[in-house]
Amino acid sequence: MAKISPAWKWILLLVLVVAAAVLSLYFDPAVHHWVNTHPNRTAKMVMRNVSRFGDWPEHIAAGLLIVAIAAFKGNKRWIYLGLTMIIACALAGLAARGLKVTTGRARPSVKQELGWSGPRWSPKYNSFPSGHTAATTAFFGVLFFANRKLALALLPIPLLIAFSRIYVAAHYLSDVVCAAILGTLIAWLCARWRPPAV
């Protein structure tokens, strides 16, 4: 069986990414309708807490804990990894914030039709993309590129955070999917920058 050339791999990946973004936009209304028609008080409370504790400060704290434990044990590789996870999380958060303000997409909780209004500072119009999802994807994405088994074991954390943002009506499906794409790209770029000694 012939191997796929690197150029075709990138083209295939690009097609998959574009398809995921387009499909998520297409299914936005259906997912939003499902969330609205399947309310559950307990689930909403749980998802609010997941959202509250799944933001960037908790990720930074987790990254600093990794760095502290690695420094205590003298493990340079994990010190670097923890710092890279923190940097990726911060960069993804900044990129998402810039896109939010620029696109001005109304959140699902705003009582109006789905729309994009251009540059807006109001949090009500900062739906696209999800900052929580971009940050958590970048954070755990760096770990995935370094240690896939551990990252896959922790995969429920970013997935739960992403789902919580949809369930609490803070974001649409496409906000979360595109944020995950953004976070993965930033994680990949950060994971490639590696000191020679590590």
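## Overall architecture

The protein chain contains 8 helices and 0 strands. The model is a predicted one. Read from the N terminus, the order of elements is α-α-α-α-α-α-α-α.

The C-alpha trace of the protein chain spans about 55 × 45 × 30 Å along its principal axes. The radius of gyration is 18 Å, which agrees with the value near 16 Å that a compact globule of 198 residues would have. Of the 198 residues in the protein chain, 38% are buried.

## Helix α5

Helix α5 covers residues 131–146, 16 residues in total. From its first C-alpha to its last, helix α5 reaches 23 Å, close to the 22 Å expected at 1.5 Å a residue. Because 13 of its 16 residues are buried, α5 is largely enclosed by the rest of the structure.

Helix α4 comprises residues 76–103, and T103 lies in it. T103 has a relative accessibility of 17% and therefore counts as buried, the cut-off being under 20%.

The side chain of T103 has a polar atom 2.8 Å from the backbone oxygen of L99. A polar atom of this side chain also lies 3.1 Å from the backbone oxygen of F128.

## A nonpolar surface patch

On the surface, L83, I87, L91 and L94 form a nonpolar patch, and together these residues have about 370 Å² of accessible area. One of them, L94, is placed in helix α4. L94 has a relative accessible area of 62% and is therefore exposed.

Methods
Residues numbered from 1 in each chain as written. Predicted model: local features only at pLDDT ≥ 70, side-chain atom pairs only at ≥ 80, totals over all residues. Heavy atoms only, no water. Helix = DSSP H or I, 4+ residues; strand = E, 2+ residues; numbered from the N terminus. Expected span 1.5 Å × (residues − 1). Buried < 20%, exposed > 50% of the residue type's maximum accessible area, 1.4 Å probe, protein only. Polar contact = N/O pair within 3.5 Å; in protein donor to acceptor, adjacent residues only side chain to side chain. Patch = residues over 30% accessible without salt bridge, like charges linked within 9 Å, V, L, I, M, F, W, Y side chains within 5 Å. Areas by Shrake-Rupley, 256 points an atom, 1.4 Å probe, with all protein chains shown as cover. Salt bridge = Lys/Arg side-chain N within 4 Å of Asp/Glu carboxyl O. Rg over C-alpha atoms; globule rule 2.2 N^0.38 Å.
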